Amino acid sequence: MRLERRSHVPLYLVILAPLAAVVSALILAAGLIAAAGVNPLMAYGEMLAGALGSKLAVAEMLTRATPLIFTGLAAAVAFQARLWNIGGEGQFFVGALMTAWIGHSLGLPGWIGIPVLMLAGMAAGAALLAGPAYLRLRFGVDEVVTTLLLNFIVILFVGLMVEGPMRDPLAFGWPSSVPVDGDFRLPDLIPRTRLHIGLIFAVVAAGAVWLVLARTVFGAETRAAGLNASAAAFAGISLPRTIMGVALLSGALAGLAGSVEVMGVTAGVTTTMSPGFGYAGIVVAMLAALHPAGVVAAAVFVATVFVGADAMSRATGVPSFIADVIVALCLLTMIVALMFTTYRVRR
Amino acid sequence: MTNVLELRGITKRFGALTANDDVTLTLGEGEILALLGENGAGKTTLMNILFGHYAADAGTVRVFGQDLPPGLPRAAIALGVGMVHQHFTLAGNLTVLDNVMLGSEPLTRARSARGAARAKLMQIADRFGLPVNPEAKISALSVGERQRVEILKALYRDARVLILDEPTAVLARPEAMRLFETLRDMTKEGLSLIFISHKLHEVMAASDRVAVLRGGKMVAERETAQTNPAELAELMVGRKVERPARHDHKIGAPVLVADKVRVEEAGARRLDDVSFTVHAGEILGIVGVSGNGQAALGGLLSGLAHPSAGHLMLEGADIGHLGPRGMIRAGAGRVPEDRHAEGVVGELSLWENAVLERLRTPEFSRRGFVRRRAARDYTATLIDRFDIRGAAPDTRTRLLSGGNMQKLILGRVLTNGPRFVLTNQPTRGLDEGAIAAVHAELLAARAEGAAILLISEELEEAVALSDRIQAIVKGRLSQPISANEADPQRLGLMMAGVWKEDGDAA
């Protein structure tokens with residue numbers, strides 16, 4: 001048996017690969033659910049019902065999908081240029097923190113303040129990734145290590161801020177930062193749910209990222225640099241400029257995720273406000289094969305797992321950590337599925 | 001002469017492609033058989049069937065009178081078939097002896113018999129005239145030495161039939177000649193050899209018999225002594241192919257001038273005060289044994305390396321410190337040594353590669369957006385004008401054959417109206433038809449007045465195309481000689497570093 005490279009990857013395989021990966025991950029996770037003494041089919045039924053069974057459930061699921069679209073885009077953009085940004089989680093938090101900090105006392109009307117706060121969150125996220133990108137370009141420091149470790153530093157810093165300088169005195173001792181001003185809360189998309197217009201921002205962002213990658217000179221240079229850095233450099237594309245541009249864009253998108261989450265959902269920052277949006281964004285990007293449109297679909301799937309797992313846990317007693325297991329398994333099965341889209345097996 | 005090897009009626013299909021079509025081939029004891037054919041003619045597939053990497057769809061393989069079970073390399077090794085792959089399969093962090101022993105010992109044995117293995121290796125090396133230091137690390141060896149280790153690896157497993165896939169693809173000319181001398185000596189020790197090649201001169205020089213494959217079919221067999229390069233070329237390509245000839249014409253003013261240029265890399269001098277001048281309408285050939293500074297010269301002239309002393313002037317302007325983009329803007333066209341690594345981004349489409357160097361020019365972008373239609377139209381004209389076959393603007397570039405890929409790169413460079421063109425090993429790995437096409441394009445650019453610098457390890461090519469030739473040895477350049485005065489002896493001396501410092505060469 002040997003692997004042979006396909007000369008052409010048909011479209012149906014591109015679409016089939018993530019679906020096959022998801023199905024395989026669910027089958028593998030079913031083993032764990034069964035080990036917990038629950039019928040997997042029943043558990044998955046509860047999961048679907050919990051995420052998609054009612055208007056409220058769907059709204060909650062889409063609320064979760066919103067930051068995942070942003071962090072998924074952040075990872076997709078970076079990975080296209082082979083910049084391995086594992087720091088989406090940290091960038092999410094600095095974006096959130098910056099938004100809460102400025103948004104608590106910003107004396108501007110909402111319609112102008114909200115864009116300003118979004119830009120502030122983006123700037124914070126971009127700045128956080130600019131450091132590792134610079135170290136990689138200047139000294140060849142592996143950005144996987146630096147971005148990953150920065151996540152822990154940032155979360156500890158957030159803890160410091162919400163216990164100290166930014167502590168909300170009205171939170172009854174709950175470690176939360178001061179909230180953003182009421183003028184800067186994003187309007188609801190569906191009344192009496194948590195779903196806010198940030199979802200529309202996220203979908204627009206996906207469209208914008210697609211436009212940048214597929215149609216602009218910067219996008220073409222990014223893809224060339226990611227696919228073959230020496231050929232790109234030979235053709236006169238500046239690798240440092242391209243990598244730095246990609247880092248700023250990727251960091252800004254992850255920072256925007258935090259900013260929108262604060263303005264749309266939590267108002268203040270807590271260290272527990274993200275169930276791993278940054279890390280899940282990596283899975284979202286991989287399931288999407290780094291395509292912006294796919295990111296939206298993959299984010300909806302991962303949000304379904306996250307929200308549905310809570311409902312499943314309440315109904316069946318399977319720990320809701322199964323959501324993390326399923327999402328992580330998806331990453332592994334997707335990597336295998338991608339291999340089968342690039343290669344065919346021959347005897 | 002008894003046959004040590006018989007392939008009968010071998011057929012192998014990959015999907016719709018028939019890689020081997022009813023091929024029959026025999027090898028006599030002590031014989032050197034050359035398997036000649038263009039890229040994609042089915043040579044490597046046939047040898048992989050013989051060695052057991054592939055199972056044939058039809059046909060039989062007999063080695064020393066015994067049928068070889070299909071698809072079992074282990075069985076082929078046991079019967080005494082050894083294969084030396086074009087791309088070496090050595091572990092760079094291990095020693096020569098480790099590599100030779102690798103896979104020949106049972107995993108279950110607790111202690112490895114290094115002493116005995118070492119003795120056997122030294123005895124083989126001595127008997128076949130392949131000197132080697134068993135304790136040297138592979139990563140410290142030259143390409144030629146690594147190939148020697150590959151051969152020793154096969155002989156260590158008691159190979160009596162040796163298959164070499166394009167053995168000279170990675171070797172410089174003198175190394176290649178030495179290899180063939182060694183192989184000839186080895187046949188006196190009872191070895192039989194098949195080597196795969198698409199180079200006519202080495203087939204003529206080194207084989208007893210030639211088998212020609214074309215389109216998966218065996219089209220001819222000749223005794224080497226009773227054929228000639230022209231006949232073989234025609235058999236191989238299926239039609240008459242002639243490389244275009246250079247005609248003397250008037251040379252123009254100096255375009256590119258290097259004045260005592262030094263290039264350093266990691267503290268070592270890669271180019272040592274080299275001076276040369278390329279005139280309009282002239283091809284200056286740089287010949288030399290691989291690894292003597294060609295890479296640094298290529299890097300300098302593509303804008304990837306910069307002089308630490310001296311000046312590089314293009315039509316009077318110092319371009320030594322421009323990067324690739326600045327060089328292109330200044331009117332330099334560059335064809336890299338390695339098409340796949342530096343020439344194209346294989347996963348991108350033809351049109352994206354065609355405009356890659358000029359993405360930021362108004363011709364192909366407006367307000368930061370790529371002008372896709374303009375780029376596609378331009379690529380369509382390139383495909384047409386440079387005869388790039390089997391491709392449309394949206395085809396993925398890695399699907400192109402080497403020759404068509406090279407035509408794409410040449411087209412991208414030449415349609416930009418360059419004053420100066422660097423071409424580094426422009427025909428490496430190409431088949432006859434593609435070589436002729438590339439040569440014709442270079443000569444056409446010369447006729448239009450471009451100044452061309454040709455770095456080549458193929459002496460025939462350098463002599464045929466160049467107006468003047470300089471040799472590169474250890475980062476230094478000889479004085480130029482006229483190509484009309486160049487004969488193999490003189491070039492050989494120049495490439496060995498024998499020339500007078502001032503005045504005329506050699």
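Predicted model: local features only at pLDDT ≥ 70, side-chain atom pairs only at ≥ 80, totals over all residues.

User: How do you know how far to trust chain B and the complex?

Analyst: Check the predictor's own scores. Chain B averages a pLDDT of 88, with 97% of the residues scoring at least 70. For the complex, the predictor gives an ipTM of 0.88 and a pTM of 0.83.

User: What makes up the largest nonpolar core?

Analyst: That core has 199 residues, and those with the most contacts inside it are Phe70(A), Leu73(A), Leu253(A), Val284(A), Val295(A) and Val302(A). Helix α3 of chain A, residues 55-80, supplies the largest share with 13 residues. Take Val302(A): leaving out residues up to four places away in sequence, it touches Leu68(A), Ala280(A), Val283(A), Val284(A) and Val327(A). Apart from this core lies another one of 66 residues, among them Ala125(B), Ile151(B), Leu155(B) and Ile196(B).

User: Why is Trp84(A) called partly exposed?

Analyst: Trp84(A) has 18 C-beta neighbours inside 10 Å. Buried would take 20 or more and exposed 12 or fewer, so with 18 Trp84(A) counts as partly exposed. It lies in the loop between α3 and α4 (88-103) of chain A. Setting aside neighbours within four places in sequence, Trp84(A) is in contact with Glu143(A) and Val144(A). Ile102(A) is 18 residues from Trp84(A) along the chain, and their C-alpha atoms are separated by 30 Å.

User: And Val241(B): buried, exposed or partly exposed, and how do you know?

Analyst: Same test. Val241(B) has 17 C-beta neighbours inside 10 Å, so it counts as partly exposed. Val241(B) sits in the loop between α8 and β11 (254-265) of chain B. Beyond its neighbours within four places in sequence, it is in contact with Ala233(B), Glu432(B), Gly433(B) and Ala436(B). Val241(B) and Ala230(B) are 11 residues apart in sequence and 8.7 Å apart in space, C-alpha to C-alpha.

User: How do you know that the two domains of chain B touch?

Analyst: By counting contacts, where a contact takes C-beta atoms within 7 Å: 10 residues of domain 1 are in contact with 8 residues of domain 2. On the domain 1 side, α6 (173-188) and α8 (229-237) of chain B are the elements that give two or more residues, and α8(B) gives the most, with 3 residues. That side divides into 6 nonpolar, 2 polar and 2 charged residues. The domain assignment gives domain 1 as 3-237 and domain 2 as 254-343 + 418-495, and their C-alpha centres lie 34 Å apart.

User: What makes up the side of chain B that touches chain A?

Analyst: 25 residues of chain B are in contact with 18 residues of chain A. The elements of chain B giving two or more residues to its side are α10 (324-330), α11 (339-343) and β18 (369-370). By class, this side has 13 nonpolar, 6 polar and 6 charged residues.

User: What makes the backbone at Asp22(B) worth a look?

Analyst: Asp22(B) has a positive phi of about 55° although it is not a glycine. It lies in strand β2 (residues 17-28) of chain B. Asp22(B) has 14 other C-beta atoms within 10 Å, so it is partly exposed.

User: And where is Asp387(B)?

Analyst: Asp387(B) is in the loop between α13 (372-385) and α14 (402-414) of chain B. Asp387(B) also has a positive phi of about 55° without being a glycine. With 15 C-beta neighbours inside 10 Å, Asp387(B) counts as partly exposed.

Note on methods
Residues numbered from 1 in each chain as written. Chains lettered and ligands numbered in written order. Domains from an automatic or database assignment. Helix = DSSP H or I, 4+ residues; strand = E, 2+ residues; numbered from the N terminus. Nonpolar A, V, L, I, M, F, W, Y, C, P; charged D, E, K, R; others polar. pLDDT = per-residue confidence, 0-100. Core = buried A, V, L, I, M, F, W, Y, C linked by C-beta atoms within 7 Å.
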